[in-house]
Amino acid sequence: MNYKDHYAHFLASPETFWAEQADRIAWFQSPQNILSRNERGHYRWYEGGKLNTCYLATDFHVENGRGEQLALIYDSPVTNSVKKYTYRELRDATAQFAGVLSNLGVSKGDRIIIYMPMVPEAAIAMLASARLGAVHSVVFGGFASHELAIRIDDAKPKVVVSASCGIEINRKIPYKPLLDEAIRLAKHKPEHCVILNRPELEVESMTARDHDWQQALHEAKPVNYVPVDATDPLYILYTSGTTGLPKGIVRDNGGHAVALKYSMDAIYNTKPGDVYWAASDVGWVVGHSYIVYAPLLTGCTTILFEGKPVKTPDAGKFWHVIAEHQVKTFFTAPTAFRAIRKEDPEGKLLQDYDISSLRCLFLAGERTDPPTLNWLQNLLKIPVIDHWWQTETGWPMVANMMGIEELPVKAGSASVPVCGYDVCVLDTSGKEVGPNEEGQIVVKLPLPPGCLPSLYNDDDRFEKSYLSRYPGYYTSGDGGYKDEDGYVFIMGRTDDVINVAGHRLSTGEMEELLTLHKSVAECAVIGVMDELRGQVPVGLVVLKDGVVQAEQELIDELIAIVKEKIGAFAYLRKILIVDRLPKTRSGKILRNVMRKIADNQEYNTPSTIDDPAILDEISSALGK
Ligand code: COA
Ligand code: AMP
């Protein structure tokens, strides 16, 4: 079937389409309703179905002849080690760690937070949580204590699983002090912490609530999987919204398993036994979906890489991993290749490796800029596929569906709507716009299986953030257009979310943090174009009257606040002190205009501006 027919088949009856896809996973009990609505009118997929995601990702393959196949390869240039797990070994390790969690009182519905570097134990903890029907929330290891505390208070975990350290190129980051500080800051106090002691930096002092990973494993017995409802939550993943309070994206078990399995086939063209590598972090949605769950649900071999595209040890490391493990499908963020290209513009390091196993490269996390796309196409001579999605959806919304039909690539476009998503572009009044006209990118409800059923404990915010702007549609927060062939071009966020090296961050949150400083009267943080990271935040700060502190010292303090509270990866390195900020007459700060000035884009001076002369002051502060 070609893409057009496949998409038409979905559009004709989403329920029939998703009933067919549901037949492809091993339910303990088949769903009674393919699609239903709960008391608030929110859609639910596969009600009445019973399954276990960990069973499908591990035991199922052992029972079906894949026990000795590699399930997971941990490749860690920062510790100079490679470790491999067969499906049988992964199942056993997971069942054993589920025993640890069970000994600590974790059972179905309990939350556990996983705050870990890129080690296989992170994936094992996720799967063990799923095995028990518990709900994991993985917090990216680059987040500082303040962010971890916010997540602890929202998820209220019984147990936190962590490690002694992360390794950033050659710098060891002790996690335990960050975890202890987060628990001190949080109102909710988890009963237990399980700490993986890494030989690179062992934990010096354990408290009464801490358990050593190895010792706890030794004392545990393997635990069997617990059947859960399709609509039961598998995980919560917090993502940046427009304020300092992150959104707890919920993922259910049933829709997630069906959708990810479908995506591996239809989008990534990947079969059981293939080696699949997503170079991301388990703390982000790409890590959840395409390092852990989707490849394992499909019976692939997944690679968990603890390193960087450059400097671990060089810009040839990606090629090395692909060659060594015979990777067939590779997925990463464009920024990673911009970093490689900067160090090795002609791709000379590729000559040292045979990467003929590689069939396709997928890019997401930010728009693939045409120069990076062209560079990769010329270098690799394989399809290079930009595709668009979000933490909220958990799997791609717009892509070239390589398992259905390879369509021509158009530079700057993520290609066409994926089956399951009726993607539309609306104007501010909610009317669908014509080809090549820009508007808000939305998806007609219902969203397909695998997408967020709601926000954790916050149906009101779910409705307000995603459903109320355009009734009957999910609002993505991205703007863009469709061309005459139906190709979707994503042009960037239309809210206060920015994308820094593939990491999603809230400028609103950075503003909230900067205004905590005693000398700051008001401020605006904008995302400015950056050659390597795509965007970087820049803060424009107005000081209170009478501040006498030296300017550079103050700027350093402001930079340190964001690094300390969010994490260094937020990359707020530039603060400009200005006399005033451009505003509308009703007092709204004109961030969008400032962003356009910073990016050398054309802009119209808004008719509602309070004083147009301020724009010249801002231009000069931004060095324009
Ligand atoms: N734990 C602790 N600190 C972290 C961290 C982590 N997991 N990740 C990043 N940091 C810190 C870094 O140590 C660095 O700190 P420093 O400035 O004090 O030295 C800072 O955050 C910035 O890190 P990073 O963005 O990684 O910068 P870099 O210059 O080392 O590398 C790239 C630049 C582009 C190579 C890197 O950002 C990258 O690989 N990006 C791809 C990201 C990605 O895969 N995103 C997932 C979406 S699919
Ligand atoms: P996250 O939730 O962290 O995955 O970030 C999702 C956001 O990243 C989207 O809303 C987009 O703004 C951006 N994004 C992700 N992939 C792409 C892409 N292929 N093209 C353009 N923007 C993208």
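Tutor: Rings of Phe, Tyr and Trp, the last by its six-membered ring, pair if their centres lie within 6.5 Å. The model here is predicted. By this rule the count comes to 44 aromatic pairs.

Student: What makes the pair of Tyr-55 and Phe-60 edge-to-face?

Tutor: Take the distance, then the angle. The ring centres are 6.3 Å apart, and the cut-off for a pair is within 6.5 Å. The planes stand at 75 degrees. Over 60 counts as edge-to-face, so the pair of Tyr-55 and Phe-60 gets that name.

Student: Why is Tyr-55 called buried?

Tutor: Buried means under 20% relative accessible area. Tyr-55 has 8%, so Tyr-55 counts as buried.

Student: Why is Phe-60 called partly exposed?

Tutor: Phe-60 has a relative accessible area of 27%. Buried needs under 20% and exposed needs over 50%. The value for Phe-60 falls in between, so Phe-60 is partly exposed.

Student: How do you know that Trp-277 and Phe-305 form an aromatic pair?

Tutor: Their rings are 5.3 Å apart, centre to centre, and the limit is within 6.5 Å. The angle between the planes is 70 degrees. That is over 60, so this pair is edge-to-face.

Student: What makes this a link between distant parts of the chain?

Tutor: Trp-277 lies in strand 16 (residues 275–278). Phe-305 lies in strand 17 (residues 301–305).

Student: Are Trp-277 and Phe-305 buried or exposed?

Tutor: Trp-277 is at 0% relative accessibility, and Phe-305 is at 4%. Each value is under 20%, so Trp-277 and Phe-305 count as buried.

Student: Which residues do ring pairs link into a cluster?

Tutor: Among them are Tyr-3, Tyr-7, Phe-10, Trp-45, Tyr-262, Trp-395 and Tyr-421.

Student: How do you know that the charged end of Arg-533 sits over the ring of Tyr-571?

Tutor: The charged end of Arg-533 is 3.5 Å from the ring centre. The rule asks for CZ of Arg within 6 Å of the centre and within 35 degrees of the ring normal. Arg-573 also lies over the face of Tyr-571, at 3.9 Å from the ring centre.

Student: Now the open sheet of four strands: what is its order?

Tutor: The order is 23-24-25-26, with antiparallel pairing.

Student: Why do strand 23 and strand 26 stand at the edges?

Tutor: Strand 23 (423–426) and strand 26 (488–493) each have a single partner strand, so one side of each is left without a neighbour in the sheet.

Student: What makes strand 24 and strand 25 pair?

Tutor: A pair needs at least two bridges. Strand 24 (residues 439–444) and strand 25 (residues 473–482) have five, in the antiparallel sense. Val-442 stands opposite Thr-475 in strand 25.

Methods
Residues are numbered from 1 along each chain as its sequence is written. Chains are lettered from A and ligands numbered from 1 in the order in which they are written. This is a predicted model: local features need pLDDT of at least 70, side-chain atom pairs count only at pLDDT 80 or more; totals for chains, interfaces and linings use all residues. Side-chain values use heavy atoms; hydrogens and water are left out. Helices (H or I, at least four residues) and strands (E, at least two) are DSSP runs, numbered from the N terminus. Rings of Phe, Tyr and Trp (its six-membered ring) pair if their centres lie within 6.5 Å; planes under 30 degrees apart count as stacked, over 60 as edge-to-face and the rest as tilted. Buried means under 20% relative accessible area, exposed over 50%, partly exposed in between (1.4 Å probe, protein chains only).
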